[in-house]
Amino acid sequence: MNFLAARPVWAKDLTEEYNIMLTLRATVSYFGGKAILAAAADNFYRVFINGEFVHFGPQRCGQSWWRKDELDISSYLTSNIKSSI
């Protein structure tokens with residue numbers, strides 16, 4: 001799987017600080033099917049969808065190596081498709 005859109009996120013001017021926490025929010029349109037969230041991090045992260053805890057990461061690996069977590073989040077999303085019934 002390839003990233004369709006990826007953006008690095010840095011806590012500007014806080015790279016030498018300890019115990020900081022960033023909160024990132026996104027609103028997405030979901031029209032059914034499989035939805036994959038891909039994430040890579042140099043530190044601990046948690047994923048919540050619609051207020052529900054979904055996952056924490058990243059996968060552990062050796063120093064100076066990073067892995068991409070791919071999470072199937074389809075079951076946590078609500079479709080924007082309106083029924084005609």
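I started at S74, whose side chain reaches the backbone nitrogen of A35 at 2.7 Å. A polar atom of that S74 side chain also lies 3.4 Å from the backbone oxygen of G33. I noted the rule for a polar contact: N or O atoms within 3.5 Å, one able to donate a hydrogen and the other to accept it, with residues adjacent in sequence counting only if both atoms are side-chain atoms.

Before going on, I wrote down that this is a predicted model, where local features need pLDDT of at least 70, side-chain atom pairs count only at pLDDT 80 or more, and totals for chains, interfaces and linings use all residues. Residues are numbered from 1 along each chain as its sequence is written, and side-chain values use heavy atoms, with hydrogens and water left out.

Is S74 buried or exposed? I found S74 buried, at a relative accessible area of 16% (buried is under 20%, exposed over 50%, partly exposed in between, with a 1.4 Å probe and protein chains only). Leaving aside neighbours within four places in sequence, S74 is in contact (heavy atoms within 4.5 Å) with Y30, G33, K34 and A35.

Next I looked up the aromatic pairs, and the structure holds two. Ring centres must lie within 6.5 Å; planes under 30 degrees apart are stacked, over 60 edge-to-face, and the rest tilted. F44 and F56 have centres 5.9 Å apart and planes at 35 degrees, so I logged a tilted pair. F44 is partly exposed, at 46%.

F48 and F53 form an edge-to-face pair, 5.5 Å centre to centre with 65 degrees between the planes. I have F48 as partly exposed at 48% relative accessibility, and F53 as partly exposed at 41%.

Definitions and conventions. Rings of Phe, Tyr and Trp (its six-membered ring) pair if their centres lie within 6.5 Å; planes under 30 degrees apart count as stacked, over 60 as edge-to-face and the rest as tilted.
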